[in-house]
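Look at the structure below. The text then goes through its charged pairs and its nonpolar cores.

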Amino acid sequence: MLGQALLQRHGQSLDRDHERMAQPEVGGDRLWRQIGSGRGESERQSTIGALRAQVLRYETTIDKIAQGVCFFDGEQRLMLCNRRYAEIYGLAPEDVSVGKTLREIAERRFALGACPAMTPQEYLSWCDRVNLGRVADSWTAELKDGRTILIHHQPLPEGGWVATHEDVTERKLANVQHEEQAEILEMIAVSAPLENVLDRLVRLIESQMIRMHGFVLLLDSDGVRLRHGAAPNLPKAYAEAIDGLRIGSNAGSCGAAALRRETIVVADILTDPLWADCRDLAAPHGLRSCWSTPILSHHGAVLGTFAMYSKEVREPTAAEMRLVDAATRIAGIAIERKQAEDRIHFMANHDALTGLPNRTLLKDRLTQAVLYAQRYDRWATVVFVDLDNFKFINDSLGHNVGDELLKIVAHRMVSCIRATDTVVRLGGDEFVILLFDQPKSADIISATLQKVRAAIAEPIHVDGHDLEVTCSIGLANYPNDGTDADTLLANADAAMYRAKEIGRDNFQFYTPELNTKVHEKFLLQKELRNAIVRSEFVIHYQPQVDLRTGRVFAVEALIRWQHPTMGMISPIKFIPMAEETGLIVPIGDWILLAACRQNKAWQDAGLPPMTICVNVSARQFKEKNWVSRVAGALQESGLDARYLELELTESLIMQDVDQAVATMRELQILGVQLSVDDFGTGYSSLAALKNFPVARLKIDKSFISDILNNESDRAVASAVISLGQKLNLRVIAEGVETDGQVAFLRENNCDEMQGYHFSKPIPACDIEKLLAARQHS
């Protein structure tokens, strides 16, 4: 069609040939003048026929080009264009007939709205400047309808110009989308608040669609209701009305999507039965269509829904659904990340077995209780509870029965107190009850404790066993028995031991006479000081094993106290006292030097080189000359620094992150390896952790002991392993005792393990035998 018009125009020009030969040559008119200069009609028709074939070839060729193409002569008249050029601007065939001026085409484009944000005259003046410049150029034109057109302009040698026009709107939107997605993922990586991430994500998707509004709902912990996540541009009243929506087949697109675990598309809210229960909530706001996609975890669990609303009756396009699918995946990553952080934070402040607050949370709540009692002239009561004969039950019936017993007892204690009070598990069979805002009445406190004793004493049925346990209770009141948290805890503990001494199964108030316990504690501290002088400490070593190869690559140095009368004393009994008194610093120095010497001795004896791991206490790490002490131990022992690894607890690092990182970097310069011990029991965000110069994360044994039965433990362990992999850190699990635990760790790609499954802590001579045997096996 375009070729025929071109032939018609230039065929007519042949009849005017002789008149035009007297005029100067302009642009492409030279070709037509040559045709018109033929000597006869037959030659003229032959030339036109050849031209017709040539033009048709041009037209066929350029119609195959994906971009719009147009040729204008020196008089800015259209010589040729392809179909795509017309399609881009919505032009009809007659709008782009050969001979149309640039002005005529521009005016038509402006009439259709397919034009830049300028007046027709401004556009034509701009075109003139481009053409007069006679230089190649490229630019993008932002059309009023929101599209972006990329234009390449090329002058022709004999006048006129050719241009290509390409609609790059989708490409531009895709680039913007990718940039925004990258920024959102960065927000997730640095632990930005979840509500900020979801808000940014919804706004991104809204910007890619026309007159659409997004809504993210989060499934609550009971798995029954959807809670507000983000809805930046939906009517606030509607978002508030939907908050708390119970999932169900008639609960709108979101309720049905969460229930069915599949995308739900509703083109008309007013007629679709899926909206039967909440249609009246949407109608007043003019919302007519909604499609919702479930947000799923990497395990396939429903985390929430991602919905798009429109005030028009419509269904989504394929492109729109692709956008929503991509957004849903990102939302899933953000929600899972937040849940993992919440779990780690919860586990850092709560007991892994019972879910009760732990010692860390106790100190904070007790401080608040004391401040409240001081302000309102009330009592704050600290109660120590110790189960009688629990050790016998645990040893005779096994840890599983013992653990179940502890969980039942914990639940019973919680049921006996008010919501404002707190039950804390310190560890083992020791609990603390904090009674908040107490009237100054010993009778009321006694009644509460009698209720607790009776509840604990009720028969317990566990794993086919009928058990009965009693408890010994000691309590101290603010302000009579202490005016600060530490004193109240110490005095309540002393009162509890008094209850045990006089026959168990009773409770005792603190009295000054119980200060004799403090004297006994002082004597133990003296014994501990003498132990350093008398060289009563020994080190046992526990192997660390590569889960993939089975190779022993390191050992951890673990201190024991060989007391002359009390025998071998576990570090659990004396390390806390050493920390409290500051004796941990000289003890730690002794362990470090002894461990380095032992590792060097093994190497000198011809054993395969391996790493020696030494625990570092918070008191040691804070010593100003700590780094020089490490360097001195290495120098004195002759051990290469790369064979020493220092294990730092997560809570130690988080006390002062900046100072900790600075010290760690000094140690790293020495060549010493660093690891984060007991990971998961403290709270460090990804933003902080990624800056730590460490090589390994150690999953605390509290998450490993019940990992086969406890979903929370499995989730935390999996999250730590995944986190380590993403940060290029090796992950080691401690406290591994069973084949099942090993299988779980291997399935989740854990790198290393340590525990009784391979070897208990053993003396240095036994390590030599173990390594020698494996070397020759």
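Which residue forms a salt bridge with D437? The partner is R378, and the closest N and O atoms of the pair are 2.7 Å apart. A salt bridge here is a side-chain nitrogen of Lys or Arg within 4 Å of a carboxyl oxygen of Asp or Glu. The pair links distant parts of the chain. D437 sits in strand β14 (residues 430-438), while R378 sits in the loop between α14 (359-376) and β12 (379-387). They are 59 residues apart. Helices (H or I, at least four residues) and strands (E, at least two) are DSSP runs, numbered from the N terminus. R378 counts as partly exposed, at 28% relative accessibility. Buried means under 20% relative accessible area, exposed over 50%, and partly exposed in between (1.4 Å probe, protein chains only).

This is a predicted model: local features need pLDDT of at least 70, side-chain atom pairs count only at pLDDT 80 or more, and totals for chains, interfaces and linings use all residues. Residues are numbered from 1 along each chain as its sequence is written, and side-chain values use heavy atoms, with hydrogens and water left out.

By the salt-bridge rule, the count comes to 41. Another of these pairs is D386 with K500, whose closest N and O atoms are 2.6 Å apart. D386 is buried, at 7% relative accessibility. K500 is buried too, at 17%. Both residues belong to a network of salt bridges that also links D388 and R504.

Now turn to R548 and D751. Their closest N and O atoms are 2.9 Å apart, in a salt bridge. Both residues lie in loops: R548 between β19 (537-546) and β20 (552-563), D751 between α29 (739-747) and β27 (752-754). The two are 203 residues apart. R548 is exposed, with a relative accessible area of 54%. D751 is buried, at 13%.

Next come the nonpolar cores. Each is a set of buried Ala, Val, Leu, Ile, Met, Phe, Trp, Tyr and Cys residues joined through side-chain atoms within 4.5 Å. The largest has 82 residues, and L644 and L646 touch the most other members. Helix α21 (residues 584-604) gives the most to this core, with 9 residues. Not counting residues up to four places away in sequence, L646 touches residues including L592, W626 and L667; contact means heavy atoms within 4.5 Å. Another core, of 33 residues, lies apart from the largest one, and L406 and M413 are among its members.
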